[in-house]
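Here are a few notes to go with the structure. Have it open while you read, and go through the points in order.

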Amino acid sequence: MLRLCPLSNSLNRFLSTGTTLGAPVQNVTIIGSGLMGSGIAQVSAQAKLNVVLVDQNEKILNAAQQRIHKSLQRVAKKKHGDNESEATKFVDDTLGKIKINSDLRSAVKEADLVIEAIVENIEAKQKLFSEVEKAAKSDVILATNTSSLRLADIGANIKNQANFGGLHFFNPVPVMKLLEVVKHDKTSEQTFKELEGFGKTVGKVTVACKDTPGFIVNRLLVPYMYEALRLAERGDASMKDIDVAMKLGAGYPMGPFELADYVGLDTLKFIQDGWAKQHPDDPLFKPSQLLNKLVSEGKLGAKSGEGFYKYNIVLKRSEPVFFPGEVVDGYVLIKSREPIKAREIAIAISGKAKSTWTMWEQYSANRSTKSEAVPYWAEIIYIDLVNTLWTPPPTSSVLPAGENKFPFSFLLPSNAPPTFEGKVGYIRYFLRVKIERPWLFDYKAFLGFTVTPHFDLTSLSYASLPIFKTVCKQLGTLWFKHGTIEVKINLSKSGYVPGESVVLHVDVKNNTSKDIQRIESSLVQYSYYTAHRHATRLHYGHAQNKDIEHKTESRIVVQYVEEYKIPKKSSGSYKRMLAIPPVVPSFNVCDIIQVGYYFKIKIVAIGKISNTVSDEVPVLIGTVPSRPSICTNEPPERDYLAPPQPSLEIEKSDQQFRYADCLFGKGLVPDDEDDKIIDYTPRYIYYSNIP
């Protein structure tokens, strides 16, 4: 979705600013809480409208609330300066106008205006509006924030076509002044006036447009960039000369290739492909082979480090893995075909732990009980530093053309916990480069890296010792008892490293009248999170509403489910080896996120009710393997094993390891600043030669 228009400032004096205001809108529901949706929610709330922000689940909505909160703090600082009380009141009052809801039907029930800001997918938008129309008031106004799709196609299934139109905001919504108000053939004049009036209420300059591909800005901007591509593909001019010509000859702040890199080549291709499909015979929408090639190679522009230009972060070491207390060093590479006009080039390093989720709370208002989704989150900053790499000399304001390298170096703190990506939290480290330019848009590049402390299992005497647990359970119900099953779980030791195999031994005494038919063995990762309540509304005397909450999530690391029969009134012995894949080590060195592991055994007998016996045995995952030991005593029975504490120096091991991608892949929690899933998979120590 192309929402960025660096030409808007220079075009403002040409924009339509009609004065006709429609009927007032008071209750606005915005569906989709990404950068666009949360931005629309913010400006609507700042205009003192009642806002309901809707998305698929509470986790996404919680992230949106935090993003709006940070944006409002920036607005408050500009608006009220050092007047802290007024700034706080502004933020709290504005946030108080925004409610979040993951239930679509209840969210649109009282809405005067519903704005859709979801993914640019025609089928998804059509289905959404059909659901909204069923639950909303008959006179509700429906609007889409699409940037490239035709309104006639999006609203094809809407029954009341007269109440449907387009509101195309530009990113970032709180900053960009322009709003394209779009009407299709069946949009009523009253609906258009009300949409235009809403735009003025939220402080935008509105321009009117019919339902044409790309409306005004994108209809001009995207073909302009594509025509520049064709000019270069034909060999009529170089990309460098085209960018220079448009900046110096037309007065544009960016050349078309610079702009394409900033917008994202994949975004540009997505829009153009959609238009080409709708208008296959129009040469204006003809695809570009050069653009298709770059996108297929993963060269997407500034966000991937390379597009038509190249800007990325290069580390000195081949593996992006560091231990606490080590130096993270490398250089920033900027390769351009022409001089870059810039104010500053800076690199920042960030390392933090964050937990985040939403809980529903009930409260009384106007003699009725209502529910509200309240965000809970906590954050610990381990490192947050910025180094300026380059500023222009007094005699020039440009970075020379060609290849420019800027070295950097940061020292990691010795208490840095391991990189971790969970479902409701993360511990994340990354580098971010920013090229600040003397116009609205800056270039940015991102690089994630892994921190993994030394968790030396040799520092724990019990890590190399066997561990066992015994469990006995009665099968059946109160009136239909079948007898007991006794299970003894025995592990060869309690401490392991990724790549090592666990030797599991289970002795079963089946004293029941039922045959045992299946045994399930699995290694489970448990993550423990702590978060604090963040809400503008206070709660009074409700025991379930605590200011600190804890959450536990579990993920199966490896599992075997096997048919294993032990007849009634008999015994059996089950053995299994389970290889441990690349995962984060056990740790408790972070106050808001800890990780532990358990082996879980489940014995399943014939029957439907109360036919299973299960239990868990704790194990440790470290980074340095334990040494073999001889145990002459009975092995211990434990419910918890304290993980080793990080050590800055360890003894050299004969075992060789490598780094491998984490079993669970990339993170699931969006980044605070960019509202995107971080495109980085943690890499952990993995041993491949342990017997």
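1. A quick definition before we start: a crossing of two helices is called left-handed if the near helix is turned anticlockwise from the far one by less than a right angle, and right-handed if clockwise. Keep in mind, too, that this is a predicted model.

2. Now try that on helix H9 (residues 217-233) and helix H11 (residues 256-263), whose axes come within 9 Å and cross at roughly 120°. That angle is why H9 counts as oblique to H11. As for the hand, H9 passes H11 in a left-handed crossing.

3. Which residues make the contact? From H9 you have Leu221, Tyr224, Met225, Ala228, Leu229 and Ala232, and from H11 there are Pro256, Phe257, Leu259 and Ala260. Sort the residues of this contact between H9 and H11 and you get 10 nonpolar, no polar and no charged.

4. On to the rings: the count is 13 aromatic pairs. One of them is Tyr224 with Tyr252, an edge-to-face pair because the planes sit at 70°, with the ring centres 5.6 Å apart. Tyr224 lies in H9 and Tyr252 in the loop between helix H10 (239-249) and H11, so this pair ties together parts 28 residues apart in sequence. Tyr224 is buried, at 19% relative accessible area, while Tyr252 is partly exposed at 28%.

5. Another pair to look at is Phe657 and Tyr659: centres 5.6 Å apart and planes at 75°, so edge-to-face again. Phe657 is partly exposed at 37% relative accessible area, whereas Tyr659 is buried at 16%.

6. Last stop: find Phe322, Tyr429 and Phe449, which form one aromatic cluster.

Technical notes
Residues are numbered from 1 along each chain as its sequence is written. This is a predicted model: local features need pLDDT of at least 70, side-chain atom pairs count only at pLDDT 80 or more; totals for chains, interfaces and linings use all residues. Side-chain values use heavy atoms; hydrogens and water are left out. Axes are lines fitted to C-alpha atoms, for helices over the stretch in contact, and angles run from 0 to 180 degrees between N-to-C directions. Helices (H or I, at least four residues) and strands (E, at least two) are DSSP runs, numbered from the N terminus. Angles under 35 degrees count as roughly parallel, over 145 as roughly antiparallel, 65 to 115 as roughly perpendicular and the rest as oblique. Contact means heavy atoms within 4.5 Å. Ala, Val, Leu, Ile, Met, Phe, Trp, Tyr, Cys and Pro count as nonpolar, Asp, Glu, Lys and Arg as charged, and the others, Gly among them, as polar. Rings of Phe, Tyr and Trp (its six-membered ring) pair if their centres lie within 6.5 Å; planes under 30 degrees apart count as stacked, over 60 as edge-to-face and the rest as tilted. Buried means under 20% relative accessible area, exposed over 50%, partly exposed in between (1.4 Å probe, protein chains only).
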